[in-house]
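Dear colleague,

Please find below the structure that I am handing over to you.

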Amino acid sequence: MEAEFEDAYTYLFANIASAFPENAGVTSWQRTIMLSPYEKRVRIVESYDLASPGESLILRYVTPVRPEKTPVGNIRIGNVIFSSETDLPVRITPLENAWALEINIETPGMRGTYAFAVEGD
């Protein structure tokens, strides 16, 4: 993991491709987290390269706090809102002691970038 500090933002970068099994065909997966001391928002950007186009791709974020859908389609987790900046639908899946926010990307292609935001107090 690498970090970069600027006046307006702090960036955390990680290539998480090694977290995927070899047969998944992930050649690069860059996760970038952007924090700002001036905003009540964290941005998460997922950028990937695949060895071949996939049939579908599921992004999962896990939370110990029970999430709920808002009327406009975002996800409330406690007193923060999780939203897709690319208007992808988010599904809530219960796990044993947590919940998963799942974003299904159909026919993702060999390269893609998706952004999400977590906003609130």
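The structure is a predicted model, and a count of its salt bridges comes to 6. One of them joins E85 to R43, with the closest N and O atoms 2.6 Å apart. This pair connects distant parts of the chain, since E85 sits in the loop between β8 (80-84) and β9 (90-94) and R43 in strand β4, 42 residues apart. E85 is partly exposed, at 33% relative accessibility, and R43 is likewise partly exposed, at 23%.

Within it, the side chains of E102 and R60 meet at 2.7 Å, N to O. Here too distant parts of the chain are linked, with E102 in strand β10 (residues 99-106) and R60 in strand β5, 42 residues apart. R91 also forms a salt bridge with E102, the closest N and O atoms being 2.3 Å apart. Because R91 lies in strand β9 and E102 in strand β10, this pair ties together parts that are 11 residues apart in sequence. E102 is buried, with a relative accessible area of 7%, whereas R91 is partly exposed at 46%.

As to the largest pocket, its space amounts to about 250 Å³. It is lined by 17 residues, of which F20, V26, W29, L57 and I58 are the closest to its centre. By class, the lining comprises 11 nonpolar, 3 polar and 3 charged residues. Strands β3 (26-35), β4 (41-50) and β5 (56-63) each contribute at least two lining residues, and β5 provides the largest share, 6 residues.

Yours sincerely

Definitions and conventions. Residues are numbered from 1 along each chain as its sequence is written. This is a predicted model: local features need pLDDT of at least 70, side-chain atom pairs count only at pLDDT 80 or more; totals for chains, interfaces and linings use all residues. Side-chain values use heavy atoms; hydrogens and water are left out. On a 1 Å grid over the protein atoms alone, a cavity is a set of points where a 1.4 Å probe fits but cannot get out, and a pocket is an open set with protein on both sides within 12 Å along at least five of seven lines; lining residues have an atom within 4 Å of a point. Grid points are joined across faces, edges and corners, and a volume is the space filled by probe spheres set on the points. Helices (H or I, at least four residues) and strands (E, at least two) are DSSP runs, numbered from the N terminus. Ala, Val, Leu, Ile, Met, Phe, Trp, Tyr, Cys and Pro count as nonpolar, Asp, Glu, Lys and Arg as charged, and the others, Gly among them, as polar. A salt bridge is a side-chain nitrogen of Lys or Arg within 4 Å of a carboxyl oxygen of Asp or Glu. Buried means under 20% relative accessible area, exposed over 50%, partly exposed in between (1.4 Å probe, protein chains only).
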